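Hi everyone, thanks for making the time this morning. I'd like to walk you through a structure and talk about its charged side chains.

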Amino acid sequence: MKLDVQLDGRPDEAAQRARALIAAGVDGLFTFEGPHDVFLPLIVAAGSSDVPPTDLMTNVAIAIPRSPMHLANMAYDLQLLSRGRFRLGLGSQIRPHIENRYGSTWSRPAARMRETVLAVKAILNSWQDGTRLDFRGEFTKHTLMPATFVPGPNPHGVPPVLLGALGPVMTRTAAEVADGLLVMPFHSHRHFRERTLPAVAEGLKLAGRERIDLYPQAIVAMGDTPEEIEAATFGVKALLAFYGSTPAYRPVLDVEGWGDLQPELNALSKTGDIMTMIGLIDDQVMRTLAVVGTPAECAAEIKSRFGDVAERVCAYFPGSTHPPETMAALATELRTTTGSGSSPRS
């Protein structure tokens, strides 16, 4: 199993960080749409002559406020810069962020994301194949493409378009139209097996497709010693508390019988009582929703969750910066403890 890790968002530090992570043996780098632009660090890494070529991915770029044309242009150019190693990961975000942070319009997120994925792919394929662009959807239309604006076929091919999902409707949508599913990091083994995989199978059947690549994500508290592991758990519990306070993520807690935790966390989040929120994430909750242990233990747990359905995993280490040897140990253990790597089929 291959290991993808987060490339920190600051573009002025991206090249140095990318070199260090690649030297530690990770297989790919992804960016998250946080306090910095989601594309710039990847542009820096891909365009730096002293950064070895590596797999790059947005995980995720928020799509609803963006035009599919903008997304297609960026994906095309990053595919060029990375020499065919780019994957465009898209996500919807939740209503308060779309309306109040991005100042955009929110409605029917799964339908919008379905159309965005199809529109981006239609634009990219039009450039690649030289066919007339004629995409007409409910939310967006792309029918004008003068030769002046056509970059021509990408020598590295069309980059894959992935969709992040948690709930059954968005997961089905990803399985119907996207090239891959980014499994949201806030999940449990039971939720992944009992909710995500059945929704994937339903989407594949609806679309008459046989497979889709899965990109599971894991929140990881890792260390070489018990003391390092304990120190890493603080950031993990803080992130779990943040996710758990969001109503959209309650289904994960419901599966485990912890649904009442969500409104409690939500109420505390509105008062800013972060430490009490973190205190509600006990060790059982943490070990159910996250991966905890030494590099070898973390690799074994990741394999047990995803090794039979995925070929790579995206690992988050909230609040922790690991030395190269620790990151290298995790990457090595994942490669030596991989499963079959087959993707779900209908």
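**Charges in pairs, networks and patches**

Let's begin in helix H9 (residues 250-255), which holds both Asp254 and Arg250, four residues apart, or about one turn of the helix. These two form a salt bridge, with 3.2 Å between the closest N and O atoms. Asp254 is partly exposed at 38% relative accessible area, and Arg250 is partly exposed too, at 26%. Please keep in mind that this is a predicted model.

Now let me step back. The protein chain has 14 helices and twelve strands. Its radius of gyration is 20 Å, close to the 20 Å that the globule rule gives for 346 residues, so the chain is as compact as a globular protein of that length. Of those 346 residues, 51% count as buried.

Across the whole structure, a search turns up 24 salt bridges. Which residue does Arg312 pair with? The partner is Asp55, with the closest N and O atoms 3.1 Å apart. Arg312 sits in strand E12 and Asp55 in strand E3, so this pair ties together parts that are 257 residues apart in sequence. Both residues are buried. They also belong to a network of salt bridges that links them with Asp4, Arg85 and Arg87.

Finally, the surface: Asp224, Glu227, Glu228 and Glu325 gather there in a patch of negative charge. Asp224 is in the loop between strand E10 and helix H8, and is partly exposed, at 41% relative accessible area.

That's my tour, and I'm happy to take questions!

Conventions:
Residues numbered from 1 in each chain as written. Predicted model: local features only at pLDDT ≥ 70, side-chain atom pairs only at ≥ 80, totals over all residues. Heavy atoms only, no water. Patch = residues over 30% accessible without salt bridge, like charges linked within 9 Å, V, L, I, M, F, W, Y side chains within 5 Å. Areas by Shrake-Rupley, 256 points an atom, 1.4 Å probe, with all protein chains shown as cover. Salt bridge = Lys/Arg side-chain N within 4 Å of Asp/Glu carboxyl O. Lys, Arg positive; Asp, Glu negative; His and termini not counted. Charge placed at Lys NZ, Arg CZ, Asp CG, Glu CD. Helix = DSSP H or I, 4+ residues; strand = E, 2+ residues; numbered from the N terminus. Buried < 20%, exposed > 50% of the residue type's maximum accessible area, 1.4 Å probe, protein only. Rg over C-alpha atoms; globule rule 2.2 N^0.38 Å.
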